[in-house]
Amino acid sequence: MKSINQLYKVRMALLGARRWWLAVRHGVSMHSTSSISLSGRVISGGRNSIVVGRDTLIAFKTLLIARDQAGVTRPIHIGDRCFIGGGSTVMPGVRIGDGTIIGSGSVVFDDIPPRCIAAGNPARVIRHDVEVGRRGLLKGTENWPDEML
């Protein structure tokens with residue numbers, strides 16, 4: 001029986017090409033160990049208007065908006081080892097601290113401190129002092145094989 005893990009190399013190549021395209025076309029600064037889903041969208045305001053730290057995972061159907069209604073660019077900064085859940089929206093000018101998990105479907109209007117879990121609309125901190133590993137995985141789950149990420 002064949003496994004979907006046989007497509008791992010193709011998936012990694014597509015994500016690398018996506019990261020390159022976001023950098024060239026939209027000016028997104030994303031660390032090479034971070035990834036954004038192929039269905040994730042960005043509305044940038046120019047070079048370095050969206051900065052994503054190392055070992056961060058941005059899940060499917062996520063929207064990162066760095067330009068407000070008046071057309072003014074307000075940069076978004078997402079720290080290291082973060083996870084942004086599927087269907088979430090990050091609004092202009094938001095800073096998400098290192099080691100933070102944003103729950104699925106959340107709308108982030110305000111800055112989120114490091115090492116916490118935030119969820120909801122608007123996103124609110126629901127847990128402080130969490131320990132995460134690569135890609136925002138909670139402590140104890142970071143030993144998953146890369147094929148699972």
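The model is predicted, so to speak of local features requires pLDDT of at least 70, side-chain atom pairs count only at pLDDT 80 or more, and totals for chains, interfaces and linings use all residues. Residues are numbered from 1 along each chain as its sequence is written, and side-chain values use heavy atoms, with hydrogens and water left out.

Let's start with the largest pocket, which holds about 170 Å³ of space. A pocket here is an open set of points on a 1 Å grid over the protein atoms alone, where a 1.4 Å probe fits, with protein on both sides within 12 Å along at least five of seven lines; lining residues have an atom within 4 Å of a point. Of its 11 lining residues, Arg 11, Ser 37, Leu 57, Ile 58 and Ala 59 are the closest to the centre. By class, the lining has eight nonpolar, two polar and one charged residues.

| Residue | Phi | Relative accessible area |
|---|---|---|
| Lys 61 | near 55° | 60%, exposed |
| Arg 81 | near 55° | 24%, partly exposed |

Exposed means over 50% relative accessible area, buried under 20%, and partly exposed in between, with a 1.4 Å probe and protein chains only.

Finally, a cis peptide bond joins Asn 121 and Pro 122, with omega about 0°.

How values were computed
Points joined across faces, edges and corners; volume = space filled by probe spheres on them. Nonpolar A, V, L, I, M, F, W, Y, C, P; charged D, E, K, R; others polar.
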